[in-house]
Amino acid sequence: MKTGYFFDMDGTLYNNAFHTISHKTFQALYQLKDQKDMLFLATSRCLRELDHLPREMYNFPFDAKILDGGALILDTNNQIIEDTPISPTLMKEIETYCLNNDLLYRYSTKDGNYFGTKVKQAFYELEFSLYLNTPDYKPYENDIAYNVLICYETNKQKEEICQIARDCGIVFYPECVEIRANNIDKATAIQKIKHHFELDRIICFGDGENDIEMIKQADIGIAMKNGCDKVKEVADHITDSVDEDGIYTYLVKEKLVKEV
């Protein structure tokens, strides 16, 4: 049986609060690779937001990477397997709305990560605290964009943004909206990978609301103990938290790898 393992990154595989990884977990992942299982990253980060990860994680030989919440799938050489960008027309509408309302928005391309509007230093510092790098400032110019984050200030603005992006995939965070092309998320990307690599079984690990559909459609879906309640509700199993070697704990408990 050809098994594909899919791992969310922040809060699942990677403790982004402290920028640390579990060495036990990575030893277990290498065991899976030695067993000829296939391993995939499934994150809402863009490619540039992976640049400053710890070396062990940055260099790990994932068979493919799902980025931008499912909108971009790259192979081991960072070549596109499949992509679904946001339409340039919608991107222009987003930019116009954000400029008119003095709102911060950030968009990602295959090789870039940009603030589309000028921002205060505090936002650069926030981005650096999360990803150890920051977007460049570059107004949108018909770039091929895959993922947009808009920071809103009022419920009225939130509603107006949702109306502009009514035909898109939307994920809500506190004071922020993530936008992708319609019917695009980690779950749809996983199905594309399943077909591309002819996988028989899907095992997924996640912790956030944007992992819910991925966990639901997996043959086995595992939520982290530090995850949100909604993802735990749909999971087949709940493992220890990211800072307690949760992935490693599950893999050893189910005898999928040996204890290290």
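A residue is called buried when its relative accessible area is under 20%, exposed when over 50%, and partly exposed in between, with a 1.4 Å probe and protein chains only. The structure is a predicted model, in which local features need pLDDT of at least 70 and side-chain atom pairs count only at pLDDT 80 or more, whereas totals for chains, interfaces and linings use all residues. Residues are numbered from 1 along each chain as its sequence is written, and side-chain values use heavy atoms, with hydrogens and water left out.

Side chains of opposite charge can pair when their charged atoms come close. A salt bridge is counted here when a side-chain nitrogen of Lys or Arg lies within 4 Å of a carboxyl oxygen of Asp or Glu. The model holds 14 salt bridges by this rule.

One of them joins Arg 180 to Glu 178, with an N to O distance of 2.8 Å. Arg 180 is buried, at 5% relative accessible area, and Glu 178 is buried as well, at 2%.

Salt bridges with shared partners connect Arg 48, Asp 51, Lys 110 and Asp 111 in one network. Within this group, the side chains of Asp 51 and Arg 48 meet at 2.8 Å, N to O. Asp 51 is partly exposed at 28%, and Arg 48 is likewise partly exposed at 24%.

A further salt bridge, 3.2 Å from N to O, pairs Asp 63 with Lys 33. This pair links distant parts of the chain, 30 residues apart: Lys 33 belongs to helix α1 (residues 23-34), and Asp 63 to the loop between α2 (55-58) and β5 (64-67). Helices (H or I, at least four residues) and strands (E, at least two) are DSSP runs numbered from the N terminus. Asp 63 counts as buried, at 17% relative accessibility.
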